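This report covers two chains and the contact between them. Read it beside the sequence and the model.

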Amino acid sequence: MRKIKEFIIEKLILVCGLASIFFVAMIFLFLLKEGMNVFQTVSPFKFLFGKSWYPISEPAQLGILPLILGSLLVTFGAAVISIPIGVACAIYIAEVAPQNMKEILKSGIELLAAIPSVVLGFIGMVTIVPWVKNICHLPTGLSALSGSIMLAFMAMPTIVSIAEDALYSVPKSYKEGALALGATHWQAIHRVMLPAASSGILAAVMLGIGRVIGETMAVMMITGNSAVIPHSILQPVRTLTATIAAEMGEAVVGSEHYFALFAIGIVLFIISFAINVTADLFLHKKR
Amino acid sequence: MSKKNSQRTQKIAFSLLSLATLLIVIPVGLIVIIIIQKGIPAINWQFLSDVPRQGMRAGGIFPAIVGTVYLVLGAIVFALPIGLLAAIYLSEYSKDNYLTRIIKLAIVNLAGVPSVVYGLFGLALFVVFFKFGASILSGSLTLGIMILPIIITASREALESVPYSFREVSRSLGASKWQTIRHIVLPNAISGIITGTILGLGRATGETAPILFTVAAFYLPQLPASIFDQAMALPYHLYVISTQVPNVDEKVRYGTALVLLVLALFMNLVAIIIRYQFRKKKKW
């Protein structure tokens, strides 16, 4: 009797172990199932590189290039801000901060990660948006720049915590060796620890960027949502994620517009898949 | 480079590093302080217990709070058993082979899928394919799959931190593998598992994109009667009154943001404290 019970439990454990694979596959399959329909009317090339996104005009124009460029611009801006600050903060926490300070800072970073994105979006609307408007003398502060600043803060927790882990896992003997040879603490960090942790830091940066590309609510609330090809970071843009979130409510199930939004989902899924797999390779690189 | 020079370089470098840290810490502090300061005046019993009135410009946020609680509980009921068993598989049963590698990769990917893509998935699978409609059930299942990787990763870490010798002793006394897991490994990993569960709860509380098309109601003054009903939810409500409804009193927005922030941060704080206490008490 006990044997049977154990057998059932162990099989159940195996099934749940495989659940993650099942769910990832299901997500991709259902995106494909709905999204591929759009390619009956638009060629994949025209979909990806078409310059206008007018999903409800007659006939609908379903080119997502403006959305891709919007996502790239906002992501680029966020990366420029968050990578140097995030990596520097990780070094500070891992190497410079005194022990008790370290715990407080790490908890603080965790709390930043825990602030819901819609709350950050709201705060961005009432702080960053008016600042950007006034400082840059714009008709509206809802712009790619505001989005970039906000998203930088959403990328930082990821970058800091993974980069800090990478620095922490560099063998102590590396640093001790450098110090014993007369290097200053900074020289040891800069010349020995950073190179040794480089693949982990690279993974941290990639995962931070992945977080930014996938971010939806905050971006939708502060980038201005205009689906045109941006020419400057001070213009309003619309990202891939915001397009889905903003338009799916109005799209009729089974319409071309509905399928097109799922096709955008496929694009996002593939981007995040590529980023996560590559970052994982970097994290598990054998030395 | 002379000794003096390199000392100076170090000083400059370290000041830059601490500056970068301040650039993160100060805004975070400001965000929390601003929301608390401007949100507190809105908080009173009526705000927490009344339905929204006058086109959501007045009244309270009670239905949104209730909706969020239902959604989060539903998500955890679904995700905790699967996540915990998956963690047990990875820590106790899996061998170092390709299958394990793929499972781990799948977990990483599940954690990385953009939240709005979860929304699409929930819409296609639960709302349309299974015909659950926009309902608490659809929303909870979508959120549940989203927090699965958090629960698996935290539980697995907790299980793996239980020393191997505990298992060996138990097995040598004649306990079966499952008995060992059930009576030795799980009790010793429980605080880590709770921590992971609470973090998952916190994440599910704040997410908006996955519930946009699967459950969230723009305005629904009555409480949901069953899991097949739509519901309001706190994060979506904040989005609605911030962007979709004109002329909402700022106080109401800040108050809603404060309630949401407190719920999300409170859970994380609890998780941090449990973990800290546990590390302090750990005997091995």
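## Basis and interface

Two residues are in contact if their C-beta atoms, placed from the backbone, lie within 7 Å. By that rule, the interface draws 68 residues from chain A and 70 residues from chain B. Helix α1 (residues 2–35) of chain A gives the largest share of chain A's side, 20 residues. That side of chain A holds 46 nonpolar, 16 polar and six charged residues. Here Ala, Val, Leu, Ile, Met, Phe, Trp, Tyr, Cys and Pro count as nonpolar, Asp, Glu, Lys and Arg as charged, and the others, Gly among them, as polar. Helices (H or I, at least four residues) and strands (E, at least two) are DSSP runs, numbered from the N terminus.

The model is predicted: local features need pLDDT of at least 70, side-chain atom pairs count only at pLDDT 80 or more, and totals for chains, interfaces and linings use all residues. Residues are numbered from 1 along each chain as its sequence is written, while chains are lettered from A and ligands numbered from 1 in the order in which they are written.

## The two chains

Chain A has 13 helices and two strands. Its C-alpha atoms fill a box of roughly 75 × 75 × 30 Å along the principal axes. Of its 287 residues, 51% are buried (20 or more other C-beta atoms within 10 Å of a residue's own; 12 or fewer is exposed, in between partly exposed; C-beta atoms are placed from the backbone). Among contacts in chain A with a separation of 6 or more, 72% join residues 24 or more positions apart.

Chain B has 11 helices and two strands. The order from the N terminus is α-α-β-β-α-α-α-α-α-α-α-α-α. The C-alpha trace of chain B spans about 70 × 65 × 35 Å along its principal axes. Buried residues account for 51% of its 284 residues. In chain B, 77% of contacts between residues at least 6 apart in sequence join residues at least 24 apart.

## A helix crossing between chains

Helix α9 (residues 185–196) of chain A meets helix α1 (residues 3–39) of chain B: their axes come within 8 Å and cross at roughly 70 degrees. α9(A) is therefore roughly perpendicular to α1(B) (65 to 115 degrees; under 35 is roughly parallel, over 145 roughly antiparallel, the rest oblique). Axes are lines fitted to C-alpha atoms, for helices over the stretch in contact, and angles run from 0 to 180 degrees between N-to-C directions.

From α9(A) come H185(A), W186(A) and Q187(A); from α1(B) come S6(B), T9(B), Q10(B), A13(B) and F14(B). The residues of this contact are three nonpolar, five polar and no charged.

## Two buried residues

P116(A) lies in the loop between α4 (99–114) and α5 (117–126) of chain A. P116(A) is buried, with 25 other C-beta atoms within 10 Å. Beyond its neighbours within four places in sequence, P116(A) contacts G206(B), P235(B), L260(B) and A264(B).

G202(B) sits in helix α8 (residues 177–206) of chain B. G202(B) counts as buried because 25 C-beta neighbours lie inside 10 Å. Leaving aside neighbours within four places in sequence, G202(B) contacts A114(A), A264(B), M267(B) and N268(B).
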